[in-house]
Amino acid sequence: MAYDPNNIFARMVRGEIPCVKVFEDAETLAFMDIMPQSDGHTLVIPKVAGENLFETAPESVAAAIRTTQRVARAVQRAFSAPGVVVTQFNGQTAGQTVFHLHFHVIPVYTAGAWRPHARDKADPLVLEAHAARIRAALGG
Ligand code: AMP
């Protein structure tokens, strides 16, 4: 499948649609997942076009992983999460629903217990409050 430059994450990178941002640098963007699997669920993307892990330049994958590590630390700290899962899906069969490379950072509070993937939309005010906690943890 060819990369669709109008996928939702590409449009966020271009500032065409909003996201609840927690971090941004020249190469990457991190924002709250709109249908979080747990409180604090954050997504990290490289800014360059790339459908998945295979179709993205290694340097951009490396930049995204650096940000993922940084954001995961902040999420863990902000929510005092005893566990954090990082996931990344390649292809519809694997569960990918947005075709721009992204890493999920999902805090886990109870072993094995998190909400279904991409199903229930969170209250925007709650997402904004969670993002503020993560931004504060990133700064500290
Ligand atoms: P995946 O299924 O791995 O491709 O993940 C895509 C993720 O993007 C899902 O967890 C969705 O909940 C999330 N998502 C979809 N639309 C938005 C949006 N507008 N803002 C933030 N997250 C989104």
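In this predicted model, a backbone N or O atom of Ile34 lies 3.2 Å from a nitrogen atom of the ligand. In Thr97, a side-chain N or O atom is 2.6 Å from an oxygen atom of the ligand. His117 also takes part: a polar atom of its side chain lies 2.5 Å from a ligand oxygen atom. Taken alone, the ligand exposes 510 Å². The protein buries 92% of that area.

Where does the ligand sit? The space taken by the ligand is the largest pocket. Around the ligand stand 18 residues. The closest are Asp33, Thr97, His102, His104 and His117. By type, this shell divides into 11 nonpolar residues, 6 polar ones and 1 charged one.

Now look at the elements that build the shell. Helix H1 spans residues 8-13, and strand S2 spans residues 28-32. Each of them supplies at least two residues of the shell around the ligand. The largest share comes from H1, with 3 residues.

A pair of aromatic rings is described by the distance of the centres and the angle of the planes. The count here comes to 1 aromatic pair. Which residues form the pair, and how are their rings arranged? The partners are Phe9 and Phe31. Their ring centres are 5.2 Å apart and their planes stand at 70°. Planes over 60 degrees apart count as edge-to-face, so this pair is edge-to-face.

Note on methods
Residues are numbered from 1 along each chain as its sequence is written. This is a predicted model: local features need pLDDT of at least 70, side-chain atom pairs count only at pLDDT 80 or more; totals for chains, interfaces and linings use all residues. Side-chain values use heavy atoms; hydrogens and water are left out. A residue is near a molecule or strand if one of its heavy atoms lies within 4 Å of it. A polar contact is a pair of N or O atoms within 3.5 Å; within protein, one must be able to donate a hydrogen and the other to accept it, and residues adjacent in sequence count only if both atoms are side-chain atoms. Accessible areas come from the Shrake-Rupley method with a 1.4 Å probe; for residues, only the protein chains shown count as cover. On a 1 Å grid over the protein atoms alone, a cavity is a set of points where a 1.4 Å probe fits but cannot get out, and a pocket is an open set with protein on both sides within 12 Å along at least five of seven lines; lining residues have an atom within 4 Å of a point. A molecule sits in a cavity or pocket if more than half of its atoms lie within 2 Å of its grid points. Helices (H or I, at least four residues) and strands (E, at least two) are DSSP runs, numbered from the N terminus. Ala, Val, Leu, Ile, Met, Phe, Trp, Tyr, Cys and Pro count as nonpolar, Asp, Glu, Lys and Arg as charged, and the others, Gly among them, as polar. Rings of Phe, Tyr and Trp (its six-membered ring) pair if their centres lie within 6.5 Å; planes under 30 degrees apart count as stacked, over 60 as edge-to-face and the rest as tilted.
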